[in-house]
There are 2 protein chains.
Amino acid sequence: MERIREFELSKEYLESLRDSVEAQDVSGISESIEGANEADVAALLDELDMEEALFVLRVLEREFAADVLIELDEEPQFKVVQEMESAELAALLDHMESDDAVDILNQLVVKDREEVISHIQEKEKSGYIQELLRYEEGSAGSLMAKEFIKANLNWTVVQTIEEIRRQAENVEKIYSIYVVDNKESLLGRVALKKIILSSADTKVKDIYEEDLISVPTYMDEEEIAEIMRRYDLEAVPVVNAKNKLVGRITVDDVLDVMREQAEEDMQAMSGISDDVEESDSVFRLTKARLPWLFIGIVGGLLGAKLIGGYNAGLSKYIQLASFIPLITATGGNVGIQSSSLVVQSLAAKSVFAESLGRRFAKVLMVAMLNGLVLGLVVFGTVVFIYNNEVKFGIVVGLALFCVVLLASFMGTVTPIVLDKFGVNPAMASGPFITTANDLLGLAVYFFVAMMLLNL
Amino acid sequence: MERIREFELSKEYLESLRDSVEAQDVSGISESIEGANEADVAALLDELDMEEALFVLRVLEREFAADVLIELDEEPQFKVVQEMESAELAALLDHMESDDAVDILNQLVVKDREEVISHIQEKEKSGYIQELLRYEEGSAGSLMAKEFIKANLNWTVVQTIEEIRRQAENVEKIYSIYVVDNKESLLGRVALKKIILSSADTKVKDIYEEDLISVPTYMDEEEIAEIMRRYDLEAVPVVNAKNKLVGRITVDDVLDVMREQAEEDMQAMSGISDDVEESDSVFRLTKARLPWLFIGIVGGLLGAKLIGGYNAGLSKYIQLASFIPLITATGGNVGIQSSSLVVQSLAAKSVFAESLGRRFAKVLMVAMLNGLVLGLVVFGTVVFIYNNEVKFGIVVGLALFCVVLLASFMGTVTPIVLDKFGVNPAMASGPFITTANDLLGLAVYFFVAMMLLNL
């Protein structure tokens with residue numbers, strides 16, 4: 001058998017790794033992977049079957065296996081976690097920071113979770129984990145880690161350095177030392193840089209900065225991401241209702257939150273119901289897409305019923321049929337534009353936001369302007385270029401104007417309502433609102449036509 | 001006059017600040033703003049007129065004014081920068097890190113830029129700035145700062161701490177010390193934590209980590225964001241073609257890149273041509289929306305021409321009109337779903353991606369499955385519920401099937417082609433592809449109808 005080569009993120013290495021797994025070449029695997037980056041190894045294991053991935057994980061050193069497990073994609077991670085024995089999984093959790101351990105445990109049913117926690121060696125860590133499991137998913141509490149460095153106000157720099165030394169194993173990334181009083185209330189922070197540059201007997205209280213941004217345990221993860229972006233933070237302390245320091249959120253977790261949010265928005269806008277990727281199976285992809293397409297189909301069938309009701313009028317004035325796509329497409333486009341603008345302003349809430357009344361007044365103005373311009377263009381084209389009657393041009397132009405107004409209104413209101421009910425407002429830019437706008441547009445179009453053409 | 005209150009991000013404070021500016025109450029303004037966060041002050045100035053904002057900036061201490069200027073929104077920042085004298089602006093740039101200074105300078109025409117640079121006091125800084133200005137916008141070179149801490153391989157810890165002390169003023173955030181050899185080639189890094197915990201005479205070469213991710217100066221900012229997210233980095237060193245360490249990118253810049261990218265994608269998908277916000281003026285909002293709506297209108301008018309060509313057939317078979325919205329809407333929905341999936345996989349490029357041929361085969365399979373299900377549902381409804389002829393049901397069902405196939409193909413190919421030509425592939429999910437799919441769908445529908453119904 002060909003000797004397995006050094007680790008490389010390539011299809012060739014993947015193949016040779018598969019061969020080595022089949023041949024159970026333990027030393028070959030561990031040697032070739034040694035020293036590689038955990039995210040790269042995880043990307044490789046994502047491509048393997050569950051059994052193969054598990055085999056490789058068991059070959060690796062425990063601390064490194066723990067790092068790789070954290071970095072696995074959702075689906076392979078879930079499968080591997082389900083398959084492991086409680087004691088085996090607990091041994092890996094022993095090497096994780098508390099927030100990562102909780103992410104892993106959240107993939108198990110409650111009964112199994114407790115079984116795994118009971119196997120964790122360090123009592124401090126299992127306590128941390130049990131605390132974190134109590135916070136609601138997507139809140140600061142669920143995102144934070146219990147591992148961070150804090151210093152009492154009255155400590156000296158040398159005492160603080162001792163604390164850093166004591167915790168160095170547990171806290172992978174140290175940016176600031178959080179300063180607390182005797183009641184554990186958060187008072188401020190000292191940058192690591194300042195610790196290095198201060199003399200050993202300097203008191204913490206003489207060098208710490210009071211100007212510090214913290215977040216409460218219940219804050220939503222997207223809001224936290226926006227705060228960290230806005231204030232350029234690499235970590236943010238989390239406090240409970242009594243301002244007691246309870247955890248720390250690091251920017252790497254927030255980068256994941258932002259990426260997920262962007263993906264969710266795009267999927268909501270494009271009408272895909274699950275978190276699928278192009279590389280998923282044909283069946284999964286079909287399943288994720290069909291529900292939204294069905295909504296469109298139901299809308300289309302209702303539209304057919306609606307138009308069918310005007311068959312008599314349509315027969316007399318067959319040109320009416322020609323402009324159906326113009327009306328529905330414009331309604332859809334206007335609706336999506338409007339809702340996307342609202343979605344953006346919901347994402348970046350500002351205290352200086354205009355009042356709801358003023359916002360609607362503005363939406364109305366923009367819609368009137370857009371509607372007027374488009375209505376006139378279409379009127380002109382229908383009458384002067386397509387040589388229809390002036391009366392018919394008025395029907396199409398006026399209907400278009402009304403549709404632009406209505407679609408703007410719908411596109412503005414829907415995301416606000418969705419957001420109020422805790423639904424992702426980006427849904428409003430998806431197939432649902434488009435379908436509703438189609439029907440509304442058709443109704444307006446035929447109503448205006450029947451009125452003005454006396455059909 | 002009422003005394004201006006302590007800084008607060010509120011409409012009330014904004015009003016009292018406006019009054020103080022009008023009354024030229026310099027000490028009141030500086031006292032109330034002192035100690036506030038620069039991002040908050042910037043958010044406040046974003047709401048003021050250019051003259052008011054400039055007045056406040058001139059009242060503030062220079063270093064703080066520089067921080068606030070960096071944090072201003074694009075538009076107010078542009079206006080303020082245009083208005084300042086070269087020497088005044090240079091005095092602020094003196095207090096910025098080089099990457100921020102370059103962002104500000106990029107808002108000036110080349111002639112003014114050089115004028116401002118000539119006024120910068122520190123020669124080292126103006127050299128940095130001139131170097132950074134040479135890199136292409138959106139590349140690692142344009143995103144990086146020249147301020148970072150590096151240590152020679154042969155230094156001791158105490159020498160390294162001396163270097164940190166020397167640079168502490170210039171480098172705001174220190175995460176790692178980058179280790180270089182005598183030729184300035186990047187070899188690795190030492191975490192600040194390790195510097196604290198090592199004895200003074202330890203050699204850098206004995207404690208540094210070789211395992212380090214760096215990026216080349218020409219790498220695209222979105223790729224850098226993906227790398228920093230993937231490998232959980234708070235900063236990444238930038239190297240030139242000879243592996244010489246030339247700069248450092250910090251995660252705060254990357255958070256902005258990610259947010260901008262998400263906004264751009266959403267705007268491309270929803271058909272908004274400028275970077276507008278809900279709070280912009282009616283005129284600006286209208287201008288940003290009209291171009292895309294025009295594309296839709298042109299498509300709709302072409303569609304009208306197309307349908308008009310079949311007026312004779314339509315008159316004989318008036319039900320055909322009823323199903324026009326069903327056909328166009330489904331084509332649009334399928335197209336957007338397909339292109340969004342491609343856009344996502346383009347954003348997260350993987351070495352394990354399937355070949356183009358396999359991907360198209362899969363797209364075809366998914367489309368056939370979706371098309372089959374939807375076509376059968378529509379056939380059934382048209383024939384059994386709406387009581388049309390079987391032949392007519394076949395027309396609508398078959399046309400729908402073809403439209404799903406075509407729209408899937410278009411939605412998959414378009415973003416790949418756009419990406420190849422350096423255009424944001426998310427455009428493919430916007431009004432353009434929807435409009436094209438509408439026309440294609442109509443053509444297929446009427447072609448199938450004319451064939452099968454002998455019209």
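Predicted model: local features only at pLDDT ≥ 70, side-chain atom pairs only at ≥ 80, totals over all residues.
Two residues are in contact here when heavy atoms lie within 4.5 Å.

**The interface**

By the contact rule, 121 residues come from chain B and 121 residues from chain A. The size of an interface is often given as the accessible area lost when the parts come together. Between chain B and chain A, the buried area is about 10,900 Å², and carbon and sulfur atoms give 65% of that.

What else links the two chains? Across the interface of chain B and chain A there are 37 residue pairs in polar contact, both residues being at pLDDT 80 or more. On the side of chain B that touches chain A, helix H17 (residues 282-308) of chain B gives the most, with 18 residues. That side of chain B is made up of 67 nonpolar, 26 polar and 28 charged residues.

**Salt bridges between and within chains**

How many salt bridges does the whole structure hold over all chains? The search finds 36 of them, and the count between chain B and chain A is 8. The table gives some examples to look for in the structure.

| Salt bridge | N to O distance |
|---|---|
| B:Glu226 and A:Arg259 | 3.2 Å |
| B:Arg229 and B:Glu226 | 3.1 Å |
| B:Glu162 and B:Arg165 | 3.3 Å |
| B:Lys111 and B:Asp112 | 3.7 Å |

B:Arg229 and B:Glu226 are 3 residues apart in helix H15 (residues 221-230) of chain B, so about one helical turn separates them. Is B:Arg229 buried or exposed? B:Arg229 counts as buried because its relative accessibility is 16%, and the cut-off for buried is under 20%. Salt bridges that share partners also join A:Glu226, A:Arg229, B:Asp256, B:Arg259 and B:Glu263 into one network.

Another pair sits in helix H12 (residues 157-167) of chain B, where B:Glu162 and B:Arg165 are 3 residues apart and therefore separated by about one helical turn. B:Glu162 is partly exposed, with a relative accessible area of 44%, and B:Arg165 is partly exposed too, at 39%.

B:Lys111 counts as exposed, with 64% relative accessibility, whereas B:Asp112 counts as partly exposed at 29%.

Technical notes. Residues numbered from 1 in each chain as written. Chains lettered and ligands numbered in written order. Heavy atoms only, no water. Buried area = accessible area lost by both parts, 1.4 Å probe. Salt bridge = Lys/Arg side-chain N within 4 Å of Asp/Glu carboxyl O. Polar contact = N/O pair within 3.5 Å; in protein donor to acceptor, adjacent residues only side chain to side chain. Helix = DSSP H or I, 4+ residues; strand = E, 2+ residues; numbered from the N terminus. Nonpolar A, V, L, I, M, F, W, Y, C, P; charged D, E, K, R; others polar. Buried < 20%, exposed > 50% of the residue type's maximum accessible area, 1.4 Å probe, protein only.
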